[in-house]
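This report is intended to be read alongside the sequence and the three-dimensional view placed below.

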Amino acid sequence: MMFFRGVNKSNVIIFSLILGIAILFLSFENSRLGIIAYADKHCQRNTTCLIDMNKIIPFDWDKMYIIDKGIAPEDIEKIIGAKFNYETSLFYKIIFVRDQKVIYSDEYHPPDESYMKKFIKPNFYYPYEREGNYFSHYAISKDNSILSVKIENEPLMSDKIYYNIFPSNVQQISGREL
């Protein structure tokens with residue numbers, strides 16, 4: 001009890017906020033690993049499998065966007081309907097939005113992660129329509145949260161395992177450029 005009397009309440013609040021933010025960042029970093037771990041547990045290699053993002057993402061979200069590489073920040077803002085103050089590069093992005101605010105944004109840099117054996121690889125061609133049906137991003141909502149995943153590896157080519165993710169239905173596809 002003596003400890004709490006001597007501690008300034010604002011310091012406790014600040015510490016709690018910092019701790020909360022640290023935990024949030026750790027869980028965000030694990031969202032990619034969460035997809036891989038879930039697929040490893042529930043999916044077989046070279047077979048398309050469905051995963052529910054609601055079961056994987058450890059925070060509250062309204063929409064998840066997977067955006068192809070090379071999209072300009074102003075176009076990202078149009079896509080997500082929210083301010084996007086993050087740097088963009090040539091790599092693809094995963095963005096979570098809650099109440100018209102970006103609550104999480106990540107870019108994947110496969111060349112920088114060459115030491116890793118497992119990669120998530122978004123596919124921007126919808127497999128169930130005619131060939132060449134490209135789209136720039138897909139939007140996953142909490143009530144349409146099922147993604148398709150196919151675990152692929154070609155042992156003769158590389159020791160890497162790719163987790164090809166793609167929309168599970170046409171409603172998740174946006175920004176078609178036919």
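The coordinates come from a predicted model. Four strands form an open sheet in the order β1-β7-β8-β5, and their pairing is mixed. Its edges are formed by β1 (48-52) and β5 (118-122), each of which pairs on one side only. From one strand to the next, the twist averages 30°.

| Strand pair | Sense | Bridges |
|---|---|---|
| β1 and β7 (residues 146-152) | antiparallel | 5 bridges |
| β7 and β8 | antiparallel | 6 bridges |
| β5 and β8 (residues 161-167) | parallel | 5 bridges |

Cys49 has Val149 of β7 as its bridge partner, and Val149 in turn is partnered by Ile165 in β8. Elsewhere in β8, Asn164 is the bridge partner of Lys121. Lys121 also takes part in a contact through its side chain: its charged end sits over the ring of Tyr162, 5.3 Å from the ring centre.

**The disulfide**

The structure holds 1 disulfide, in which Cys43 is joined to Cys49 with an S to S distance of 2.1 Å. In general terms, such a link is a covalent bond between the sulfur atoms of two cysteines. The torsion about the S-S bond of Cys43 and Cys49 is about -65°, and the disulfide is therefore left-handed. Are the two cysteines, Cys43 and Cys49, buried or exposed? Cys43 has a relative accessibility of 11% and so counts as buried. Cys49 likewise counts as buried, because its relative accessibility is 11%.

**The aromatic residues**

Across the whole structure, 4 aromatic pairs are found. One of them is formed by Trp61 and Phe96, an edge-to-face arrangement with 5.6 Å centre to centre and 80° between the planes. Trp61 lies in the loop between β1 and β2 (63-67) and Phe96 in strand β3 (residues 93-98), so this pair ties together parts that are 35 residues apart in sequence. Both Trp61 and Phe96 are buried.

Phe96 forms a further aromatic pair with Tyr104; here the arrangement is tilted, with 5.7 Å centre to centre and 35° between the planes. Tyr104 and Phe96 are both buried. Which residues make up the aromatic cluster containing Phe96? One cluster is formed by Phe59, Trp61, Phe96 and Tyr104.

**Summary**

In brief, the predicted model contains an open sheet of 4 strands with mixed pairing and a left-handed disulfide between Cys43 and Cys49.

How values were computed:
Residues numbered from 1 in each chain as written. Predicted model: local features only at pLDDT ≥ 70, side-chain atom pairs only at ≥ 80, totals over all residues. Heavy atoms only, no water. Disulfide = S-S within 2.5 Å. Buried < 20%, exposed > 50% of the residue type's maximum accessible area, 1.4 Å probe, protein only. Pairing = 2+ DSSP bridges. Helix = DSSP H or I, 4+ residues; strand = E, 2+ residues; numbered from the N terminus. Axes fitted to C-alpha atoms, helices over the stretch in contact; angles between N-to-C directions. Phe/Tyr/Trp six-rings, centres within 6.5 Å; stacked < 30°, edge-to-face > 60°. Lys NZ or Arg CZ within 6 Å of the ring centre and 35° of its normal.
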